[in-house]
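Subject: Structure for your review

Dear colleague,

Please find below the structure that I am handing over to you. I would be grateful if you would look through it alongside the notes that follow it.

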2 protein chains.
Amino acid sequence: MEENYFLIDCGEGTQVELRRQKIKFSRIDNIFISHLHGDHWFGLAGLISSFHLLSRTKDLHIYSPPGLKDAIISQLRLGQTHLSYFIHFHELEGKEPKVILENAKLIVKSVPLNHRIETYGFLFEEKKKLRKLNAPLLRERGVEVCDFRMLQLGNDVQSIDGKLIKNSEVTFDPPEPLKYAYCSDTAYYEPLVDWLAGVDVLYHESTFLEQNRDLATKTFHSTAKDAATIASKAKVNYLILGHFSSRYRNRDVYKEEAKRYFQNIEISEAGKIFSFENK
Amino acid sequence: MEENYFLIDCGEGTQVELRRQKIKFSRIDNIFISHLHGDHWFGLAGLISSFHLLSRTKDLHIYSPPGLKDAIISQLRLGQTHLSYFIHFHELEGKEPKVILENAKLIVKSVPLNHRIETYGFLFEEKKKLRKLNAPLLRERGVEVCDFRMLQLGNDVQSIDGKLIKNSEVTFDPPEPLKYAYCSDTAYYEPLVDWLAGVDVLYHESTFLEQNRDLATKTFHSTAKDAATIASKAKVNYLILGHFSSRYRNRDVYKEEAKRYFQNIEISEAGKIFSFENK
């Protein structure tokens, strides 16, 4: 969203993939770790070291369940690495969604999930945007530039010759703020229906198919049906499936199963870019 | 050597490279970590986890400077991973080469190096091999099969009709045992000349060229000249250079510099296989 890059989870080799995708390391200021199974954070110490080798000076924020800080610090201490920048470790907690980051443009919330160990999803909500100005009309009506900000914020203003300029006449509605939710790893978890109601884009794991319901239950993962059911009940616009098991012959089978319960399905893959925008 | 795989150092992504090279994980029983800078061990927790996911039951041995065990255990504990196999952590120490592993076929020694933090090289020495039998001649001279082992060990035996069979008449010399040494990371370190005297193959880091002697000194790394000088003084057969800085336009420059001081130079690269055998 906007010029910020948010990195969610950081398994071994993440920095290699980031380089392959030509993503500038310097634009990553916030890293969100969903849970502490190794495949979701074993690449973090390496990425932190690379930031250091690139002479980073900006602070880095890392959000994760408790315990990560000690592990990372002890890894770096063994190599006697003294970082060129400061890391803020934020510990996630709570049984309800919770604001963990807010800036001028958006709010990020942690969302509890239902996995074998403490796990959180992340909900990114854009803030309401500024109204769009009808520039030619503003010139015609004699509105001063110093009043533009008031109009963008939704207020009426006066023209140079003292006439009332109604906001609705000289501005357009801005795009609706977008909401994106990321949920991995988790079993089917009914509270998500309320917590994620109406999000534009939902990434939800679907490790298994219904034919392996027993494995999904045992390992606290979801099936494609589970993910699609959450998407349908929460009335989201798009569902992206991911975290696939290698046991199936291809990934179309996930789409096939999910399509029975929800229409707008996308399949995630390494390096794939999904663009969504509201008008 | 023989059917054993020895893994030396395990940076991030090592398991990806092992898979790419189609190396069977199950044949790795011993891992040697030279020092605890992240690029030499940040892939270890991931590899250990993969062994677990592959249902390994065999013990694993890891040799490293002190401190690694706690770091690895704490990484695995965060994910509540209970391994399917046992890991023996062996802590390296000492200011002289030291035997750290011995089996029927070889001896492995740790060799102190000279880097910014505690660092060890590794010296692999094959044990003396069995003498080779001249099978047709043994049949002709009437030697029983149960005496073959005695001949292989270098002893004389008697034939069925009681004649002395001199070992030298019915056996050939076995191949000379091979010695391989691995030295990364290290500044030029004179004691290596004695400790590695006469090894067949020496891998020695050469991060820099002489034109960047100041950087080599500052970071406790070697130049190509340093590596070649050790190889020459220790009278090794082959020198493999590696651990290259990305600052130079290509790797031929290392070979050029080293060739002035030593002849048999090889340049290491990902996936390259070097085969050496004695006759």
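This is a predicted model: local features need pLDDT of at least 70, side-chain atom pairs count only at pLDDT 80 or more; totals for chains, interfaces and linings use all residues.

Relation of the chains. Chain B is superposed on chain A by a rotation of 180° with 0.0 Å of shift along its axis, and the RMSD is 0.1 Å. The two copies are thus related as by a two-fold rotation axis. Within chain B, the residue that comes closest to this axis is G13(B), whose C-alpha lies at 2.7 Å.

Interface. In the contact between the chains, 24 residues of chain B take part, together with 24 residues of chain A. About 1700 Å² is buried between chain B and chain A, and 60% of this is on carbon and sulfur atoms. On the side of chain B, the most area is lost to chain A by E12(B), F42(B) and L78(B), which together account for 41% of what that side buries. The copies meet through the same surface, because 100% of the interface residues of chain B are also interface residues in chain A.

A helix pair in chain B. Helix α9(B), residues 224–233, packs against helix α10(B), residues 252–259, at an angle of about 45°, and their axes are 8 Å apart. The two helices are therefore oblique to each other, and the crossing of α9(B) past α10(B) is right-handed. In this contact, A224(B), K225(B) and A228(B) of α9(B) meet Y254(B), E257(B) and A258(B) of α10(B). These residues comprise four nonpolar, no polar and two charged.

Yours sincerely

How values were computed: Residues are numbered from 1 along each chain as its sequence is written. Chains are lettered from A and ligands numbered from 1 in the order in which they are written. Side-chain values use heavy atoms; hydrogens and water are left out. Copies are superposed by least squares on the C-alpha atoms of residues with pLDDT of at least 70 in both. Contact means heavy atoms within 4.5 Å. Axes are lines fitted to C-alpha atoms, for helices over the stretch in contact, and angles run from 0 to 180 degrees between N-to-C directions. Helices (H or I, at least four residues) and strands (E, at least two) are DSSP runs, numbered from the N terminus. Angles under 35 degrees count as roughly parallel, over 145 as roughly antiparallel, 65 to 115 as roughly perpendicular and the rest as oblique. A crossing is left-handed if the near helix is turned anticlockwise from the far one by less than a right angle, and right-handed if clockwise. Ala, Val, Leu, Ile, Met, Phe, Trp, Tyr, Cys and Pro count as nonpolar, Asp, Glu, Lys and Arg as charged, and the others, Gly among them, as polar. Buried area is the accessible area (1.4 Å probe) that two parts lose on being put together, summed over both.
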